[in-house]
Amino acid sequence: MVYILQTSDMAKLLNVPQKSGLLIQHLSTKGAAAKIGLVPGVIPVNIAGKDIMLGGDIILGIAGINIKHQDDLYLIKNRVNTDKSGEEISIIILREGQILNSKFKKP
């Protein structure tokens with residue numbers, strides 16, 4: 001999975017209801033992110049000199065941790081690594097303006 005950690009300015013531009021999130025750029029069709037139903041960007045744009053893909057999911061939180069800055073990614077990784085195989089992990093996604101709450105099982 002390739003993603004961009006959004007800045008607060010980009011979050012405002014994309015109407016994200018919090019200061020940051022993970023903007024999904026590309027997914028491997030055989031990867032875990034695709035298997036749980038995440039959607040990658042499909043519209044190439046250039047914002048402030050940076051090429052990105054829009055139209056995909058924006059992850060707002062995983063395992064009860066909202067994504068506000070880079071450090072939250074380490075917290076999420078540590079939290080998920082302590083979960084046992086088969087345990088359910090929550091994920092909050094912004095898709096087409098709708099906030100979706102879902103769960104997936106840790107492989």
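Here is a short walk through this structure, which is a predicted model.

Let's start in the middle of things. The largest nonpolar core has 17 residues, and Leu38, Ile59, Ile62 and Ile91 have the most contacts inside it. Which elements give two or more residues to this core? They are strand 2 (22–26), strand 5 (58–62), helix 3 and strand 7 (88–95). Take a closer look at isoleucine 59: leaving aside residues up to four places away in sequence, isoleucine 59 touches Met1, Gly21, Leu22, Ile24, Leu38, Ile67, Ile91 and Ile92. There is also a second, separate core of 10 residues, with Ile4, Met10, Val16 and Ile52 among them.

Now follow the strands. Strand 5 pairs with strand 7 in the antiparallel sense, over 4 bridges, and here isoleucine 62 stands opposite isoleucine 91 of strand 7. Strand 7 also runs antiparallel to strand 8 (residues 98–105), joined to it by 8 bridges. In this pair, leucine 94 stands opposite isoleucine 99 of strand 8. Strands 7 and 8 form a hairpin with 2 residues between them, and in the turn you will find glutamate 96, with a positive phi of about 50°. As you look along the strands, remember that side chains in a regular strand alternate between the two faces of the sheet.

Finally, visit helix 3 (residues 70–82), where aspartate 72 is found. Is aspartate 72 buried or exposed? Aspartate 72 is buried, yet has no salt bridge. The nearest side chain of opposite charge, lysine 68, is 4.8 Å away, and a salt bridge would need the charged atoms within 4 Å. Not counting residues up to four places away in sequence, aspartate 72 touches Ile65, Asn66 and Ile67.

Terms used
Residues numbered from 1 in each chain as written. Predicted model: local features only at pLDDT ≥ 70, side-chain atom pairs only at ≥ 80, totals over all residues. Heavy atoms only, no water. Buried < 20%, exposed > 50% of the residue type's maximum accessible area, 1.4 Å probe, protein only. Lys, Arg positive; Asp, Glu negative; His and termini not counted. Contact = heavy atoms within 4.5 Å. Core = buried A, V, L, I, M, F, W, Y, C linked by side-chain atoms within 4.5 Å. Pairing = 2+ DSSP bridges.
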